[in-house]
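Subject: Handing over the two-chain model

Hi,

Here is the structure I promised to pass on. Have a look at it first, and then read on for what turned up.

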There are 2 protein chains.
Amino acid sequence: MKIIVDAMGGDNAPLEIVRGALDANRNHGVEIILVGRTAEVLKAVEACGQKSLPAGVEIKDAKEVVEIADDPAMAFKQKPDSSLTVGLNLLKDGAGDAFVSAGSTGALLSGATLVVKRIRGIRRAAMGPQIPTAGGRAVLCDCGANAECTPEYLLQFAYLGSYYAQRVMGIEKPRVGLLNIGAEEEKGDTLRHETYALLKEAGEAGRIHFIGNVEANEAMMGTADVIVTDGFTGNVMLKTMEGVGKFLLKSLKEMFLSSTKTKLAAGLVKGDLGQMKKLLDPSEVGGTPFLGIQKPVIKAHGGSNARAIENAVLRAKEYAESGFIADIQANIEHMRVQPGMEKN
Amino acid sequence: MKIIVDAMGGDNAPLEIVRGALDANRNHGVEIILVGRTAEVLKAVEACGQKSLPAGVEIKDAKEVVEIADDPAMAFKQKPDSSLTVGLNLLKDGAGDAFVSAGSTGALLSGATLVVKRIRGIRRAAMGPQIPTAGGRAVLCDCGANAECTPEYLLQFAYLGSYYAQRVMGIEKPRVGLLNIGAEEEKGDTLRHETYALLKEAGEAGRIHFIGNVEANEAMMGTADVIVTDGFTGNVMLKTMEGVGKFLLKSLKEMFLSSTKTKLAAGLVKGDLGQMKKLLDPSEVGGTPFLGIQKPVIKAHGGSNARAIENAVLRAKEYAESGFIADIQANIEHMRVQPGMEKN
């Protein structure tokens, strides 16, 4: 298993990226291709305490870097020698089994769609992160790749999420819920009504385990394994989680610092509190797969540290080994609403 | 100031509703009209330790009750002698200054729209709760009344939220943000693009203080006083907050119960932790106003206890005293995109 890593993408590149990739190689035996400016990557390798490249780690030179200021839709094309574009081309050509990048989400998504390409019949690639819930984890799909969606996209997100939960997360019969503002079938807007009908049909045919509408509060308590929604709503849900978590941890911290008594209490729960913080720490999950792309592309958080990258590499490995993409390809005929209108 | 209270609406009616209303009367000198089955209301008054109705509290008999099973859109009409319909008619006729109900949101919204009616020129009433943020509180508008919205609705929600924040919450120059999935002007879907242009124009004319797009995580940290969005997205945001709060408090509780040491810590922070829980407790805010209705209608949480009802009555009083509705009426011409197409 060989994972291609964009050494230049993300706020902490290249040092933390390289460190995380080397950790994944050392701790889990994953082969790595580091893509980026060779001199800078080698310097980072040295800074990690390695005099030379360890066995199973290689560098592929790429002279350019995609920057925040670059147009996301065009960056991969305008910078053909960027670590992002070189990495995606390596994946496309079979030099590695998956690609991990902490760089621009938009550029990575456009690049993945146009270089590696979508699975035939899939209308849009979707972001499907594993989000923490009181029941463990759930796939939230889409959560930002597609602000505007059709019922057919959402039907496909349901399948993508369901197969992902099954193959990669090991959930035998994933409960697929449609994110909505009430439990009843008639709740929500036109997109939800039309999607509900498609998901119900897929559920009745035994292709997915559709459990109906789920409200966001119930979803957080773990009632669904796959939460299906458009990218706009999913992104708001994800960022609200992030914001509330940050807000509550801030309040908790202030509470613990408010008096001698509470400071004493803080000392007593320090380790346990750390565990709790991890619940909402994106580094712990480590990466968001772009579901629907022909080969595994994993977006790591822009602020990823070495631990997040190591986890993202492990997610990429699991994904590449899972058989998920073959599942989608084998069942694509059920995921089309109007096969005659297929464009890709 | 006289507040009409639906004594029969909500999970804990009539006892907790009556108790909360009596508390508001006693503690804050608010006059109250309790609407419901006289015998049941009197029994609740007795259960609160009162032998007879206190001064400033009266009962208005209503023989029916709107139930969960009733069709929300039709309930107020099908049950003309329900506490909800009688209460709304009292408000319309000027018998009181505001109406508070913990009953069905849908029935209350339909009833408010069709009995009390919208402010002339306002296309849709919106729910505008005050949500907790790291910066204090923000108005989230809409958060569930309108799943499907036009840019004009959102423009109006911005004005409604802004005047509400100014008049009722006392924020001199409320920062109005458009909830979106990125900060840049071109982010989001068509609804957001078109709304952005309208809000920008209103901001440039000095009518609102538009600060641009806000992402949900930033909104939770308190970057905006008014968060403008469609009812679908707003509802998902609100319920995600609720769900994450519940999930984290559950995790915190489990953490504190996990060992002798953590149990000791729990004892030390017990009171402080209670304060923190209040941050996310709907009883503390007490009610969601239906903004855009000609007179103040406040929806209290279905699970309201006496404290929540007391707070909702206080919100209703503040709202009725604020001059908010007169502001909207005086400025309605700026809130219309196509005045010729006005229907109401």
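By salt bridge I mean a side-chain nitrogen of Lys or Arg within 4 Å of a carboxyl oxygen of Asp or Glu.

Before going further, some housekeeping. This is a predicted model, where local features need pLDDT of at least 70 and side-chain atom pairs count only at pLDDT 80 or more, while totals for chains, interfaces and linings use all residues. Residues are numbered from 1 along each chain as its sequence is written, chains are lettered from A and ligands numbered from 1 in the order in which they are written, and side-chain values use heavy atoms, with hydrogens and water left out.

Back to that pair. B:E58 sits in strand β3 (residues 57-61) of chain B and B:K2 in strand β1 (residues 2-6) of chain B, so the bridge links parts of the chain 56 residues apart. Helices (H or I, at least four residues) and strands (E, at least two) are DSSP runs, numbered from the N terminus. B:E58 is partly exposed at 35% relative accessibility, and B:K2 is partly exposed too, at 21%. Here buried means under 20% relative accessible area, exposed over 50%, and partly exposed in between (1.4 Å probe, protein chains only).

Other salt bridges

Over all chains the count comes to 32 salt bridges. One of them joins A:D327 to A:R167, with the closest N and O atoms 2.6 Å apart. That pair also links distant parts of its chain: A:D327 is in helix α13 (residues 324-331) of chain A and A:R167 in helix α6 (residues 151-167) of chain A, 160 residues apart. A:D327 counts as buried at 12% relative accessibility, whereas A:R167 is partly exposed at 41%.

For a local example, look at B:E254 and B:K250, whose side chains meet at 3.3 Å, N to O. Both lie in helix α9 (residues 231-256) of chain B, four residues apart, about one turn of the helix. B:E254 is partly exposed at 47%, as is B:K250 at 36%. There is a network as well, linking A:D189, A:R192 and A:D230 through salt bridges.

Where the chains meet

In all, 50 residues of chain B are in contact (heavy atoms within 4.5 Å) with 49 residues of chain A. The two chains bury about 4,600 Å² between them, 78% of it on carbon and sulfur atoms. Buried area is the accessible area (1.4 Å probe) that two parts lose on being put together, summed over both. In chain B, the residues that lose the most area to chain A are B:I181, B:F232 and B:F247, together 16% of what that side buries. Two salt bridges are counted between the chains; B:E215 forms a salt bridge with A:K239, the closest N and O atoms being 2.3 Å apart.

The cores

A nonpolar core is a set of buried Ala, Val, Leu, Ile, Met, Phe, Trp, Tyr and Cys residues joined through side-chain atoms within 4.5 Å. Of the 107 residues in the largest one, A:M237, B:M237 and B:F256 touch the most other members. A second, separate core of 63 residues includes B:Y163, B:V176, B:L198 and B:I332. Leaving aside neighbours within four places in sequence, B:M237 is in contact with residues of both chains, among them A:V236, A:T240, B:I131 and B:L140.

B:V269, in helix α10 (residues 260-278) of chain B, is buried at 0% relative accessibility. Not counting residues up to four places away, B:V269 touches A:M255, A:F256, A:T262, A:A265 and B:F256.

The sheet and the cysteines

Chain A has an open sheet of seven strands in the order β3-β2-β1-β4-β12-β11-β5, with mixed pairing. Strands pair if DSSP finds at least two bridges between them. β3 (57-61) and β5 (126-127) of chain A stand at the edges with a single partner strand each, so one side of each has no neighbour in the sheet. Inside chain A, β4 (residues 98-101) and β12 (residues 297-299) pair in the parallel sense over three bridges, and A:F99 stands opposite A:V297.

Finally, there are zero disulfides over all chains, taking a disulfide as a pair of cysteine sulfur atoms within 2.5 Å. For A:C143, the nearest cysteine sulfur is that of A:C141, 8.0 Å away.

Enjoy exploring!
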